Amino acid sequence: MKTKKETATVILNRFTEELRDGEKPDCEEDKDSPVILPPHIQHNQVQTRIPDVSGLLNTTRKYVKPVNFHEEVRAHRDLDGFLAQASILLDEKAATLDEVLRQMVTHMVDEGHSNCEMEDVMSSLFTDDGGDEANVHLLSETIQGVTATPTGVHYQQSWLCVLCNVRTLQRRHVCIARLDRPQNWGVNCCEARYVILILAPPRTKSTKTVIELGRTFATMFSDIIFRQRLLESKTQEEFKQELMYQKQHLSIANEKPAIEDKEDSDPRNSKESLKFIDFLKAGKGIYEDLRRRLPLYPSDFTDGITGKDRSLLKYSTTAIFLYIAILLPAIAFGSLNDESTRGEIDVQKTIVGQSIGGVIYSLFAGSPLVIPLTTAPLAIFISVIRGICDDYNLDFPAFYACIGLWNSLFLILGGIFNVSLTMKLFKRSTEEVIALFISIAFVGDAIKGTIKIFQHFYHGPELVSTNSTLVLLQIKELLEHSGNVTKTAISNGTGPLAEHALSHMSVLLPESLVLSTRERPILCLLLMLGTLWFGYTLYLLKKSPFLNRKVREVVSDCALPISVVFFSFIGSYLFLDVKLPVFTVHNGPVFNFARFDKLTGMNMLSAVGLGFLLALLIFIDQNIVISLTHVPEHKLLKGTAFHWDLMLTGFINILMSCLGLPWMHAAFPHSSLHARQLAKVEQHVENGHVYTTIVSVRETRITALAANILIGVSMFMLPIPLQWIPKPVLYGLFLYIACTSLDGNQMFDRMALLFKEQTSYPPTHYIRRVPQRKVHYFTGIQMVQLIILCVFGMYPLPYMKMVFPLFMILLVPVRSRLLPRFIDAKYLDIMDSQHM
């Protein structure tokens, strides 16, 4: 017989050989599985000392098939039996898993649903039922939802189904607890909000075992939308009703055909190659869009308004957010148009055009979450047209309208002949380069505006008039009203009193003589940065533990309006003595009908080229914004309407052109931010990184419609109180929009990896499946493309910006032809995939 020391040596040698042969412990193979191992053992110490082995743990994993409620009758009986004697705990305050389970067992005993002993149940639930010798305190048997993705197996960490066989029980018992706050109970249960405790006798029919009952409830709780609805239930009756609704939903899920085939609704997901004949099927894309989207049109107005799951508060805060996020850029770009066109297109016309075009789009568009705006590229295009009119002595309103009509014609033809099918050539990486360029353009506009303020006001006081005689007369009058002491000191020209008087006079020059002072640019800089900081801080409040969940959500949704109002009050009221730059308001007709008789036939024909370039710009921006709004992460269910929306944009711009209003198209990042404002989210933790998952998004027309109607009402708020919003606050809004648009941009995330150490890389799909060097190569090439876009898009030469859309088109062959020569196609497809 072997001695005790020899036996321990054999066990440790086998353990060391297994590790050497590549059989890693479970905790290394799957970090989501909490397993306690013996202390680290050095191989050269095996023969010399006996380690302290506290115990052995047997871990078994088995896939459990979800219940098919349409075919398995037992699932309905299980749920009906639970509802007949429901044991439900709402907003349980206990924090630890032991306390929660004890409260659940106590609740079942108190209500007469169970007659088991507390200690018997607790000892069966955990692995340390061996007493002091086995102190590994882990749950014996559980069921959790898992999702297999290219990044590995991901646990649904917000719920936990605990199973237990209790010898003293005669029948099965179920208790469900909803915790007051999410709790962290381990690496694969970091955001626990629901606990389902199932107790059953060990000897029972095969269809009534604890596993079978656990399958029923685990299948229901694996639906993230169902968990979100349970979170909103306020009473036990509402909780039970949600369970009934979920049972009915799962029962008819297999009978229902798919709501929509993604290949029909989104040209990006079509597996068929692009053929020339597809562009000759005139009207097919528009017909398919309308056939698919019209049956869902009534629900765009009723979802969230009628029925049980109403979202009036969410709609209200989103409408307020959109109102501010649309109105202030309209004012900023309207002011820019006012300067470039010398009042032909001003702030009033921009606001009216935004209201008219926005209302039409929100009523008739196939993608109601998309927000149309006049943008910075359009403002630059308009300034170039004004310069051409000045150079060739053309009537601006007529030439502007002529270019707009040609542009609208090309857009309508693009919708009819299915040109949006080319969107399948745009990969995610290409779209994110353009999206990041737009964000940088917002930052650039804010910086350029601030630099202009500093150049105008900062570098010393300037005299208002260049007439030296007039200035000398005013200074003489000032000296005559000065005291005798000052006059004597100046006339003598000696002593420190004269120097003091001279310096004192230079400071006290009246404001009628001085054009600028340095406090203005400093205050403008503080207002701009303050608007950004305060708004972004409130935006992040939803991720903090302060206040309660509902208040955090409302404050976060209204972060931008609160910040704008707060710093407008500071700039316009608390600093009344500092004159801040504001936009100009003209008194004149809003609508300026074009007179085409002022143009010759050659003038109209020459507008074709400009109209085509404008149509190309709007086509790219319009389709990419729709694509970025309908990314899979947003989980939008009603589909897209690329072809119809493109033609609708053409019709809107016909109206804008004839009335002398600025053109518009779908805008980024307002559209994506709109979708996120209407989203219900759930957070989970993986390897120390917090991820936010969108549960569902309300696809409604009401928020955009209400916001654009409010913008039309804002015409009656000109010039007061809208002029109380200083330009620096507008620039702060640009910075806020740029910062919030970076969420979810994988290119920006990969750029951030260049400044992180490798141990802090998040466990994303491209980190796990693509060599690190290839990831950085890909990011570097994207950065080169971004720099080229920024150079040509922000170059001060106006005519260079007119051909900018052509450079955006060139990104497509770069991705499809050039990049595969440097990086394997399989790695490119992984980094372009939509996995999070």
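## The five-stranded sheet

In this predicted model, 5 strands make up an open sheet with mixed pairing, in the order β1-β6-β7-β5-β2. Strands here are DSSP runs of E, at least two residues long, and helices are runs of H or I of at least four, both numbered from the N terminus. Two strands count as paired if DSSP finds at least two bridges between them. At the edges stand β1 (88–92) and β2 (142–143); each has a single partner strand, so one side of each is left without a neighbour in the sheet.

Then β5 (residues 159–165) pairs with β7 in the parallel sense over 7 bridges; V162 has L197 of β7 as its bridge partner.

How many residues of strand β7 are buried? For strand β7 (residues 192–200), it's 9 of the 9, so the strand is largely enclosed by the rest of the structure. Buried means under 20% relative accessible area, exposed means over 50%, and partly exposed is in between, using a 1.4 Å probe and protein chains only.

## Salt bridges

The structure holds 26 salt bridges, each one a side-chain nitrogen of Lys or Arg within 4 Å of a carboxyl oxygen of Asp or Glu. R386 takes part in two of the contacts described here, with E344 and with D390. In the E344 case, the closest N and O atoms are 3.9 Å apart. E344 lies in the loop between α12 (312–341) and α13 (347–364) while R386 is in helix α14 (residues 376–392), so the pair ties together parts that are 42 residues apart in sequence. D390 meets R386 at 3.1 Å, N to O, and these two are 4 residues apart in helix α14, about one helical turn. As for accessibility, R386 is buried at 12%, E344 is partly exposed at 25%, and D390 is partly exposed at 38%.

Further along, D829 and R815 meet in a salt bridge at 3.8 Å, N to O. D829 sits in helix α33 (residues 825–831) and R815 in helix α32 (residues 804–818), 14 residues apart. R815 is buried at 6% relative accessible area, whereas D829 is partly exposed at 47%. There's also a salt-bridge network linking R293, D300, D303, K638 and R701.

## The second largest pocket

About 1500 Å³ of space lies in the second largest pocket. A pocket is an open set of points on a 1 Å grid over the protein atoms alone, where a 1.4 Å probe fits and protein lies on both sides within 12 Å along at least five of seven lines; lining residues have an atom within 4 Å of a point. Of the 42 lining residues, R61, T142, I143, Q144 and Y155 are the closest to its centre.

Elements giving two or more residues to the lining are α4 (97–110), β2, β4 (152–155), β5 and α6 (210–221). The largest share, 4 residues, comes from α6. By class, the lining has 20 nonpolar, 15 polar and 7 charged residues. Nonpolar covers Ala, Val, Leu, Ile, Met, Phe, Trp, Tyr, Cys and Pro; charged covers Asp, Glu, Lys and Arg; the others, Gly among them, are polar.

## Ground rules

Residues are numbered from 1 along each chain as its sequence is written, and side-chain values use heavy atoms, with hydrogens and water left out. Local features need pLDDT of at least 70 and side-chain atom pairs count only at pLDDT 80 or more, while totals for chains, interfaces and linings use all residues.

How values were computed:
Grid points are joined across faces, edges and corners, and a volume is the space filled by probe spheres set on the points.
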